[in-house]
Amino acid sequence: LVFGGQWGDEGKGKLVDLLCEKSDLVCRCQGGNNAGHTVVAGGVSYDFHLLPSGIIHENCVSVIGNGVVIHLPGLFAEIEKNEGKGLVGWQKRLKISDRAHLVLDVHQEVDGLLEEEKGAASLGTTKKGIGMTYADKALRVGLRVADLFAEDHVLEQKINQIFSGYTKRFPQLKLDAVSEVKKLKSFVTRMEPMVCDTVSLVNSRIDQGSRVLVEGANAAMLDIDFGTYPYVTSCNCTAGAACTGLGVSPLKLDNIYGAFKAYTTRVGSGHFPTELSGDIEDKLQSIGREFGVTTGRRRRCGWFDAVVARYSHRINGFTGVAILKLDVLDTFEEVKIGVRYRLDGEVFEGVPATMDQVERVTVEYVTYPGWKSDITAVRRFEDLPENAQNYIRGIELHTAMKVRWIGVGPAREAMITVT
């Protein structure tokens with residue numbers, strides 16, 4: 001399993017890409033196309049939102065599990081875009097759960113209307129309709145992939161049930177169930193060879209000894225239960241989601257790997273305690289090219305937060321972690337790790353449950369001297385500058401996590417494996 005430990009955009013795709021080389025199946029288990037992973041392979045940068053990052057590996061079967069929500073036009077637009085970059089043979093390697101829920105255009109439209117209503121208090125969603133789709137799922141009116149193959153009148157009835165709820169809330173919506181059926185049915189021929197019972201597929205492959213990799217979307221601090229609510233996503237995006245989003249017993253889980261940036265970023269609204277401002281944040285944002293893969297929005301930047309990392313580790317139980325984009329810090333005179341929170345003057349263990357408390361938190365830092373040298377060509381931990389090694393050891397010390405990999409550049413080969 002690979003899951004993000006911060007607020008997303010940690011570089012999970014790079015770690016997944018590395019692990020894919022020894023995997024037979026790569027699976028998405030939750031989220032939708034509100035998440036974005038970038039993989040650089042053969043000098044080509046691929047952007048994935050719904051497709052598992054393993055789709056570029058010819059030896060891997062890529063699975064979109066039941067816990068994922070799928071916008072069909074978005075899925076095929078993503079495929080077409082990556083075909084233009086050289087992706088081939090995906091039709092034989094992609095499998096989609098018949099139980100996965102479908103994101104309709106109305107979900108995206110209502111997502112935007114709700115954000116507009118909230119004004120300055122908006123959550124900063126991607127407006128991809130993810131929350132609306134999960135809400136319909138919980139209300140038991142959602143449309144699933146299997147429903148694509150129903151008779152037209154049955155599908156129309158299901159769609160009308162969804163539409164009626166939204167038109168009562170937003171009477172200005174102009175919705176036509178017949179047109180929606182026609183649009184969805186246009187995908188059936190392309191979808192049919194890929195749709196299957198992925199619960200049986202994944203479990204049978206595990207039982208046969210296949211190597212299965214689960215790729216999490218979003219991250220721990222965006223988890224709807226454990227993140228900085230309400231500025232979170234609409235599903236669980238911690239390790240337990242692998243079980244519910246694929247139909248796999250926890251007894252079959254093996255290693256759980258976490259992905260962390262060497263600093264902290266988040267996109268959209270919501271406070272985070274180690275956030276910076278001014279020249280240092282601008283420098284991190286510029287060097288790290290901190291713009292969202294999905295929306296292009298500027299990511300806010302801050303120092304590495306060991307309190308968040310400990311909290312994420314406690315929830316996920318990481319057996320090893322990757323610290324990515326360490327090279328972004330190459331030119332800094334000093335770097336910092338936030339090691340302790342104080343709330344109203346008292347030490348606070350964990351992450352506060354309310355945003356009011358999160359905003360009142362003050363952070364105690366440990367400062368490390370920078371290494372002031374280019375590390376992008378380094379491939380062994382012992383060849384890193386001493387100050388860079390000390391920074392990594394400091395992360396381990398203050399988080400109780402074992403660092404297994406260090407990312408030192410965007411290229412596929414720019415990864416140090418720590419023994």
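In this predicted model, helix 4 contributes His107, Val110, Asp111 and Leu114 to a contact with helix 5, where the partners are Ile130, Met132, Thr133 and Asp136.

The geometry of the pair may be considered next. Helix 4 spans residues 105-118 and helix 5 spans residues 130-138; their axes lie 7 Å apart, and the packing angle is about 110°. Because angles of 65 to 115 degrees count as roughly perpendicular, helix 4 is described as roughly perpendicular to helix 5. The crossing of helix 4 with helix 5 is right-handed.

A further pair is formed by helix 6, residues 152-169, and helix 7, residues 177-185. The axes of helix 6 and helix 7 come within 9 Å and cross at roughly 120°. This angle makes helix 6 oblique to helix 7. Helix 6, too, passes its partner, helix 7, in a right-handed crossing.

Which residues bring helix 6 and helix 7 into contact? From helix 6 come Asp152, Leu155, Glu156, Ile159, Asn160 and Phe163, and these meet Ala177, Val178, Glu180, Val181, Leu184 and Lys185 of helix 7.

To review the two arrangements, helix 4 stands roughly perpendicular to helix 5, whereas helix 6 is oblique to helix 7.

Technical notes: Residues numbered from 1 in each chain as written. Predicted model: local features only at pLDDT ≥ 70, side-chain atom pairs only at ≥ 80, totals over all residues. Heavy atoms only, no water. Axes fitted to C-alpha atoms, helices over the stretch in contact; angles between N-to-C directions. Helix = DSSP H or I, 4+ residues; strand = E, 2+ residues; numbered from the N terminus. Parallel < 35°, antiparallel > 145°, perpendicular 65-115°, else oblique. Left-handed = near helix turned anticlockwise from the far one by under 90°. Contact = heavy atoms within 4.5 Å.
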